[in-house]
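Reader: I'd like a walk through a protein model, one feature at a time. Can you give me the general idea first and then the case at hand?

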Amino acid sequence: MAPVGVTMERATYRRQFLAVAGASLGAAVAGCTDLTGDESDNDDGSDDGDDGPDDGDDGPDDSTFPVDGERVDDWKFDPRQMGGGDGGVTASTGSSGGSAGGAQYSAAPESEDLGLAAGGAGNVATFRRNVREGYLPQPESVAYEGLFYDYFFDTGGGSCSELFCPAYSPAAASEPMDGGLEPYLTVGLDSSLTASSFERPALNLVVVLDISGSMDGTFEEYYYDRTGQRREVEGETDRLKIDVASEALVALTEQLRPEDRLGVVLYNNTDHLAKPLNPVAETDMDAIREHMREDLIARGGTNTEAGIDRATSLLRPHADADPTERENRTMLITDAMPNIGDTSVEGLRGTLEANADDGLYTSVVGVGLDFNTELVDRITSIEGANYSGVNSADEFRERLGERFEYMVSPLVFDLSLELDSSDYRIDCVYGTTAADETTGELAHVNTLFPSPTEDGGTRGGVVLVETEPTGDPGDGPLPGGTVSLTASWRTRAGDTQSTTERVVLPAEGEHYDSTGVRKAILLQRYGTLLRNWIAHERGRMVVTEASADIEAPDEPRELGQWEQQSVDLTVTPPYDERFAAFREHFASEAAAIGDEDLDRELEIIDRILAAA
C-alpha cells in the first residue's frame, strides 16, 4: 500500500467514479482537509450531462457524445482539479479488483423460483462487523428487515399465479421471560416469478461516490476515535474505504447491459461530474473501469446534498420513462457522514422522497465500520429505496452476482394490510421501513423487490405483524377466532390490486403455523434486545474529561451531527444477565426451527457476553 500523506504531485491519480447521493450536513467537519480553489465541474467546459428530456430512443444523451458507433471514453474527472491543499492527500493503492475485459457476473439465484422481500436494509453487516471488531454499533444497524434478509423463510403459502400473493401464518408464541402467550402472524411475500422469466428493466443508473476525507480511513477502523480525533493511517494497513469503494464500482459496472445508461458523480466539498449519463453500448467501459481503479483519492468535506442534487439533474430528463421498460436509479456509495450543506434528515430525505414521487429511486451501499446506519436508515425509509453495508469488496462482488438484478428492480409499491376484527388490533410491525405508519387496523410496506429462494424458503420473504387482544385476557387464553385481512398494493405498471382472506388465530397453547413465523418471532425478539442494549450503553457513555479512561485531547474536535466516533463494546447490568438468559432461549428455538444459519447469532451473543 502506498504511504499516506503523499502530495498531489507524487500521487498516482486514480479517476474517481460514483458519488454518494444525499444532502450534506451543516458546517465543514473538523479534521477534514478543505479543498482549495473553485471546484466547478464546468470550469474546463465539460458537459454537465443535463441535456433535456429523453427523446425516447436509446441513443446518447450527451450532445457531444459520438453516435458513429465508436465506443468512447467520456470520463471527465481529473483529481488534479481538486487543488493541492496542505499535502494531506492520500494516494490510493491502485488495486486491480474486477475484470477490465468487461466480463458479466450472471445472476445466480439459489433456485428457479423467486419470491419477494421488503425494501430498506438488505443486511445487518455493519452491526456484525462492529461487534466482531470490538465496537458498539448503532441501534439502527439492527434493522429488522435487514436481519430478516439474512435468512430464508417458509412463507406459509401455497401455489401463487400472480406477481404477488400474500400468505398468512398465525402464531401464539410464549414470551421467554414470563411464559405468557403473544399473538403474531407473518405476511408471506410469495410470487409467481421465476429466475428464467424475470428480466430487470433497462437502467438509467447514476452512481454517486463519496470521496471525502473520511473515505481515506481504513475499512475496519473508525475515522474518528472516542475523543473525536482523526486516526492517522501509518505504514502497512488493511484496505482503505476508498479502495474498497473503487472495486465495488468496477464490479457494479460489470453487471450493466448494452441498453443501460451509466453516469458517475463524485462528491466531497462539492460535486464533480465524472461521467455523463450515456449508453453503455457506446461507452468504452474498459477505459471507464481503468479510471475508476487508477485515479481515486479521498480528501475534503462531505457535501452529500451536492452529490444527490447532481445525480438528480442527470436523471430528471428521464423521469417520464415507461416504468415497465426502464428503471431510474441513483446508487450512493458512502460511509454516510455528511458535514457540509443541508445535513438535516428532513432535507436529505425530502430530496430523495421527491425523487421517488417522480420514479427516481435510490440505493445506498455503506462502506466501512463507521457507516452511519442511523442517517441512512432514516433517509431511505421511502418508496423504492434499499441499502446494504458491505464488509469487503469481495463480499460486494459476490452479492452482485446473486442480487444486483433484484436490488434495482422494485416490483410492488405501497402494500397496505388492513385487519378487520373486534377481538384483535395491530400492535407492531417488523421488517418494513414504514413500521411507524402502523395503526391499530393498518400496516404498510413501501416496496417489495424480487428475492431468491432456497429449499422452499424465500430470503427475507416475510413481514412480521404483532397483534394484541382488544380486551384484557389476563393470564387466560387468547381470544382466538377468525380475522379478516385485506392486502392492497400497486404494481410497477401502476395497477392497483387487492386480496381479502380470513385467517384463524390460535386461542390456547403455544402454536406456530410454520417455521417461518417462528423464526421471524425469534429474530424480532433478538433484534429488539440488541437495539435496547445498544441504546442503553450509548445513553450512559457520555465521555467527559473527568470520567473517560482515555487522555483528553488538547484541542477537542467538534464533529458534525453524523460524524461517528468509535465506542468500545461494553455490556453493563442489567443486559449482562438478559443476554445470558436469552442465549438459552435462542439456542432452544434455533434447534426447534432447524436452521443452522442461526448459529451465527449465538456467536454474536457470545462475543457480546465476553465484553461483560
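Author: We'll go from the overall fold to one helix, then to salt bridges and a loop residue. This is a predicted model, so local features need pLDDT of at least 70 and side-chain atom pairs count only at pLDDT 80 or more, while totals for chains, interfaces and linings use all residues. Residues are numbered from 1 along each chain as its sequence is written, and side-chain values use heavy atoms, with hydrogens and water left out.

Reader: How many helices and strands are there in the protein?

Author: Helices (H or I, at least four residues) and strands (E, at least two) are DSSP runs, numbered from the N terminus. Here the protein has 11 helices and 19 strands.

Reader: What share of the residues is buried?

Author: Buried means under 20% relative accessible area, exposed over 50%, and partly exposed in between (1.4 Å probe, protein chains only). Of the 612 residues in the protein, 59% are buried. As for contacts (heavy atoms within 4.5 Å), take those between residues at least 6 apart in sequence: 84% of them join residues at least 24 apart.

Reader: Which residues of α10 are buried, and what do they pack against?

Author: The buried ones in α10 include Tyr575, Phe579, Phe582, His585 and Phe586, along with Glu589, Ala590 and Ile593. The buried residues of α10 pack against β19 (511-512), α9 (515-540) and α11 (599-610). Here's the general idea behind such spacing: an α-helix has 3.6 residues a turn, so residues three or four places apart point the same way.

Reader: Now salt bridges. How many are there?

Author: A salt bridge is a side-chain nitrogen of Lys or Arg within 4 Å of a carboxyl oxygen of Asp or Glu. By this rule the count is 27. One network of salt bridges links Arg200, Arg257, Glu259, Asp260 and Glu405.

Reader: Where in a helix do Glu290 and Arg293 sit?

Author: Glu290 and Arg293 form a salt bridge at 3.4 Å, N to O. They are three residues apart in helix α4 (residues 285-294), which means about one helical turn separates them. Glu290 is partly exposed, at 36% relative accessible area, whereas Arg293 is buried, at 5%.

Reader: What about Glu353 and Arg349?

Author: Their closest N and O atoms are 3.4 Å apart, in another salt bridge. Glu353 and Arg349 lie four residues apart in helix α6 (residues 345-357), again about one helical turn. Glu353 is partly exposed, with a relative accessible area of 33%, and Arg349 counts as partly exposed at 21%.

Reader: And are Glu327 and Arg329 buried or exposed?

Author: Both Glu327 and Arg329 are buried. They form a salt bridge too, with the closest N and O atoms 2.9 Å apart.

Reader: Last one: where does Asp150 lie?

Author: Asp150 is in the loop between α2 (144-149) and β3 (152-153). Asp150 is buried, with a relative accessible area of 9%. Leaving aside neighbours within four places in sequence, Asp150 is in contact with Asn123, Val124, Arg128, Arg459 and Arg600.
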